[in-house]
Amino acid sequence: MKKPIAGLLPFYLKLYDDTQPRLREAFEPFLKTITERFVEHGINVHRAPICRLRTEFEDALEEMEDVEVDCIVTLHLAYSLSMESIDALADAARPILLLDTTMDFDFGMDVDPARIMFDHGIHGVQDLACMLRRRGVPYEIVAGHATESDVIERAARIIRGACAARAFKSSKVLRIGDSFCGMGDFKVSDDILEERLGIHVDEISPDALIPMVEDVTDAEIEKEKSTDRDRYAVEIADEVHNRSLRLGLGLRKYLKKGGYSACTMNFLAFKSAAPPLETVPFLELSKAMARGMGYAGEGDVLTAALVGALNRAFGRTTFTEIFCPDWKGGALFLSHMGEINPEISGKKPLICEKDFPWTGASNPAVITCAPRPGKAVFANLAPGPEHSFRLIVAPVEILDDTTHPDMLKSVRGWIKPQCPLEDFLERFSRLGGTHHSALVLGNRREALVAFGRYLGLDCQVID
């Protein structure tokens, strides 16, 4: 999980400096509090000088570009003329979040009128928001008192959404083998993915991995095996474990050398039991998600990029599929052949052998586990007509793990939507959701909606 950088941009009015030059000093403790609250919520802050004039805003945003902030957070200390800032903000290559807050919590009927000068930035927010909308500039807004509400926590979530949007638009995805023949829902041409979403795709055959796989040493395998035994419950023969580690470490080197943020594969492309590509790299692809990379099965570049971006911004994100409905329990069973991010597990994950009758490849090692119970978001990125894209966001509850011992060697999980199961399934498919999705642990609904809006996607929430 990346620690996002927020560019805090304080707004002010030159007229106040001309007439009351020492007034701005009173805002320093307030700015310090805002900065400290963001840091408490896992956000690094690059604070710009207080800005009043066009040139000051231009300089501040140019510096934020150099620092590579993930999101511009505006803070109106007082009313500020929108025409001084709008051009610079409209040209900024960063998502924008309006932080609508003030110094005082209580501004009731007994307030000292002197406090007006410290609490009237709200109408500056309204001026700027109107201008951003008129200029077609995407923005988000959160309102509330900085210390007496959850506004900074909400802002931090949205900043993570902005971080995910930036990561998504710079996705570099490796596809191993062709997309699974006949699966149409997630299939989008590589040219459209790059043109519309900024996703770059490289496709290779498994044979391209051979030099890297052959470069893996026995010592590297033993070291990785030792790490596996520390992190996971390992119940597998050395022969099966070794061949998966050799292929996996070779794939890891290929991904690192190519600078990839995500990977997808068609398991049918791994056809032979002959070394050095004698199995399927399920084990390594699960570990890749644990390291923050994106992944999706069957050659699905779109979902792989989604998982990668969300994993980078939020951590604890996995590729998944809805497999079976539990009509009685009102829940959905999630699974896949042998891929899950072990970082989402509620218990120590298991490494075991997976029967693989689909091609001539030898049985692979896989990680199996279930996500930890609690709040999560089920997210789906669906292609639509005329090269459009829709983000479907569904807050869910992850339920307890299996009670059947035979299920422990399967990738698994049960989630319960916030609406009746029948309604969820109908709404999901009316919205055109695909059969490949991401599951993000935690209360990430608002952040994922912001992520989609920053990307210009059609965002739909099922709650």
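The predicted model holds 36 salt bridges, a salt bridge being a side-chain nitrogen of Lys or Arg within 4 Å of a carboxyl oxygen of Asp or Glu. In one of them, the side chains of R453 and E140 meet at 2.7 Å, N to O. Because R453 lies in helix α15 (residues 445-454) and E140 in strand β5 (residues 140-143), this pair ties together parts that are 313 residues apart in sequence. Helices (H or I, at least four residues) and strands (E, at least two) are DSSP runs, numbered from the N terminus.

Since this is a predicted model, local features need pLDDT of at least 70 and side-chain atom pairs count only at pLDDT 80 or more, while totals for chains, interfaces and linings use all residues. Residues are numbered from 1 along each chain as its sequence is written, and side-chain values use heavy atoms, with hydrogens and water left out.

An open sheet is formed by four strands in the order β7-β6-β9-β10, with parallel pairing; two strands pair if DSSP finds at least two bridges between them. Its edge strands, β7 (200-204) and β10 (294-297), each pair on one side only. From one strand to the next the twist averages 20°, where axes are lines fitted to C-alpha atoms and angles run from 0 to 180 degrees between N-to-C directions. Within this sheet, C263 stands opposite Y295 in β10.

| Strand pair | Bridges | Direction |
|---|---|---|
| β9 (residues 262-265) and β10 | Four bridges | parallel |
| β11 (residues 317-326) and β18 (residues 437-441) | Four bridges | antiparallel |
| β11 and β12 (residues 331-335) | Five bridges | antiparallel |

On the surface, E58, D59, E62, E63, D66, E68 and D91 gather in a patch of negative charge. Such patches are made of residues with over 30% relative accessible area and no salt bridge, like charges being joined within 9 Å; accessible areas come from the Shrake-Rupley method with a 1.4 Å probe, Asp and Glu count as negative, and the place of a charge is taken as CG of Asp or CD of Glu. Helix α3 (residues 54-67) gives the most to this negative patch, with five residues, and E62 has its place in helix α3.

How values were computed: Patch = residues over 30% accessible without salt bridge, like charges linked within 9 Å, V, L, I, M, F, W, Y side chains within 5 Å.
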